[in-house]
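Let's take a walk through this structure together, one piece at a time.

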Amino acid sequence: MRPPTIRFLGGVREIGGNKILIEDGPDRVLFDFGPSFSPRIEAYYVDYLQPRSTSLAKDLLEFDLIPRVSGLYAREALADGDLKYVAPEIHGIFVSHAHADHAGHLGIVDPEIPVHVGEGTRTLLEAIGTSTRMKYGDHPWRVFRDREPVRVGGIEVVPYPVDHSIPFAYGFLVRTSEGTIAYTGDFRHHGPRAADTHAFFEAVARERVDGLIIEGTRAGPDPRHNLSEEGVRSEVDGVLAREPNLALACTYPRDVDRLTTLHAAAADAERSLVVSTRTAHLLAQVSPKFPTGTVPVPGTSEHLRVYARKKRVSYLWERPYLEDALSAEEVRAAGRKYVLALDLAHFAELIDLRPPRESPFIHSMSEPFSEDDVDDKVMHNWLDHFGVRFHQMHASGHASGPELLALLRTAGARTVYPVHTEHPEAFAPAGPSVRSPELNTPYPIGASTP
Ligand SMILES: [Zn+2]
């Protein structure tokens, strides 16, 4: 019989877009299924020109922006394209976490294929699906529990929680007929749940895995400075202690740790964190999954308020949060009392908020990779126009290059496959076990591996 194999259908020499297929006899399981952040997609599809909702998979397949796999896509998404619909040939998809580059293509997957997620990820996907245009489709959702094995045919998958910039992120041990593979998903080991990441890597070492598929977002040259979550907290404290006026901040929309950090810092400075209805909805949905009092809850927690943007219509899901929401005029009149979370997409609110000159803007996200980043230019044009002062304060969701190499030394995998990185060559110091994968090439698992 053919040995089980790993095949990389995405996430090769690019950040995001991991699509890892493990095949063992008749069993085929996919790990993660989202679009990459690669500029290749933007060569065809940009803001004003998007795949048609009536033929999403067909329109992406036209430019090889998704893999040509039969028995994976929904009949409707394939429409009348040249890849014909066949009944499911993939028996399950495991999603490591709810970031778009890992889950964002679930909407074009055949609705008969079961999707396995952690309980918290299921909640996050539901909250995102309700409050944004992102759609994940209907599937038989299978909720797994921490460290409890799940069987798909002859393949056994054990999910381990890891720390990342979105809660409920997982790495996996995948036991096949010939050996075990570990897949890290996205992770860091300096965050509030660092112990989870360490426990996962201990399990990887104990298992003596045949292959380790490891993310390398920050591998290679990375001049951007990075703090720990406590480091972000103390720098935010410093800014708020000096600041007599409104403070502005922006974070990744699902970074619950950072929102919690900003909320705690605001409360200690006798301010309230003011968030969008979308963030309020997210916090309301996920807070019950955390120990009481750790994640702020809209309408219940002190020092948390909601901001009402000027809009002609509000959605049904927003209405409960808008009842006691603050207008631009209210925030402007008492700026000293607030830290307002404001995304770039909503910067037009600054025209009404008119923050006093020298007000701080806390950018609590990654610095851009490239110097000619358009969004970054637009952001600075607006901040300069209003005379707002920019502060960079971020703790990354990913392990650094040196941390990755240190982890590999203890993991003891026979073969290491770097994914989710533009610099697989940066793993070379880890030795001959590193194998930079090629797209759509089967790599055998087990003792017979050359
Ligand atoms: Zn991620």
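Helices α6 and α14 pack at an angle of about 35°, and their axes lie 9 Å apart. (Axes here are lines fitted to C-alpha atoms, for helices over the stretch in contact, and angles run from 0 to 180 degrees between N-to-C directions.) On the α6 side you'll find F201, V204 and A205, which meet L407, T410 and A411 of α14; two residues are in contact if their C-beta atoms, placed from the backbone, lie within 7 Å. Sorted by class, this contact has 5 nonpolar residues, 1 polar and no charged ones. The classes go like this: Ala, Val, Leu, Ile, Met, Phe, Trp, Tyr, Cys and Pro count as nonpolar, Asp, Glu, Lys and Arg as charged, and the others, Gly among them, as polar.

Before going on, bear in mind that this is a predicted model: local features need pLDDT of at least 70, side-chain atom pairs count only at pLDDT 80 or more, and totals for chains, interfaces and linings use all residues. Residue numbers start from 1 along each chain as its sequence is written. Helices (H or I, at least four residues) and strands (E, at least two) are DSSP runs, numbered from the N terminus.

Back to α6. Which of its residues are buried? They are D196, T197, F200, F201 and V204. These residues sit on the same side of α6 because they cover an arc of only 135° around the axis, the arc being that of the directions from the helix axis to the C-beta atoms. An α-helix has 3.6 residues a turn, so residues three or four places apart point the same way. On the other side of α6, A195 and R206 are exposed. "Buried" means 20 or more other C-beta atoms within 10 Å of a residue's own, "exposed" means 12 or fewer, and "partly exposed" is in between, with C-beta atoms placed from the backbone. The cover over the buried residues of α6 includes β8, β9, β10, β11 and α14. Just past the helix, R208 takes a positive phi of about 50°.

Most residues other than glycine have a negative phi, and most peptide bonds are trans. Are they buried or exposed? D64, in the loop between α2 and α3, is exposed because it has 10 other C-beta atoms within 10 Å. H303, in the loop between α9 and β14, is buried, with 20.

Now for the strands. An open sheet is formed by 7 strands in the order β6-β5-β4-β3-β2-β1-β19, with mixed pairing. Strands β6 and β19 stand at the edges with a single partner strand each, so one side of each has no neighbour in the sheet. Strand β5 runs parallel to β6, joined by 4 bridges (two strands pair if DSSP finds at least two bridges between them), and V117 stands opposite V143 in β6. Helix α5 packs on the sheet, touching β5 and β6, and its direction makes about 105° with that of β5.

Finally, find β13. Its S272 and V274 point one way, L273 and V275 the other, and all are buried. Strand β13 runs parallel to β15, with 3 bridges, and L340 is the bridge partner of V274. With β14, β13 also pairs in the parallel sense over 3 bridges, where V275 stands opposite V306.
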